[in-house]
Amino acid sequence: METLRKALIAGAVLGAGAGVGTALFVLVAPGEQQKQAMLKEMPEQDPQRRDEAARTKELLLASLQEAAATQENVAWRKNWMSGGGGKSA
């Protein structure tokens, strides 16, 4: 009987904790309108920022392709945008 009582108390305490956590999450989480406003303000929504990110990806892929095609260690280059000029492996 004592074991059942302890189990019920433990279940009630855990349930109350979960209830309080859920209530706090609901209070803190932003509403749908606030989510939409936050999404509009994100930097990825700016066309100039998107173009810059695309250009950066292109440069990174070009560097990786060049590194795969050469025996030179491109990480030692002072200027990664130019070919050669660094130490050789």
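## Ground rules and the nonpolar patch

Patches here are built from residues with over 30% relative accessible area and no salt bridge, joining like charges within 9 Å and nonpolar side chains (Val, Leu, Ile, Met, Phe, Trp, Tyr) within 5 Å. Val20, Leu24, Leu27 and Val28 make one such nonpolar patch, about 440 Å² of surface (Shrake-Rupley areas, 1.4 Å probe, with only the protein chains shown counting as cover for residues). Leu27 sits in helix H1, residues 2-28, and is exposed at 70% relative accessible area (exposed is over 50%, buried under 20%, partly exposed in between).

Keep in mind that this is a predicted model, where local features need pLDDT of at least 70 and side-chain atom pairs pLDDT 80 or more, while totals for chains, interfaces and linings use all residues. Numbering runs from 1 along each chain as its sequence is written, and side-chain values use heavy atoms, leaving out hydrogens and water.

## Overall layout

The protein chain has three helices and zero strands (DSSP runs: H or I of at least four residues for helices, E of at least two for strands, numbered from the N terminus). Of its 89 residues, 3% are buried.

An unreviewed UniProt entry annotates residues 7-29 as "transmembrane region"; such annotations may be inferred rather than shown by experiment. That span is 96% helix, with its end C-alpha atoms 33 Å apart.

## Salt bridges

The count is two, taking a Lys or Arg side-chain nitrogen within 4 Å of an Asp or Glu carboxyl oxygen. Arg5 pairs with Glu2 at 3.7 Å, N to O; these two are three residues apart in helix H1, so about one helical turn separates them.

Arg55 and Glu58 form a salt bridge, also with closest N and O atoms 3.7 Å apart. Both belong to helix H3, residues 47-69.

How values were computed: Buried means under 20% relative accessible area, exposed over 50%, partly exposed in between (1.4 Å probe, protein chains only).
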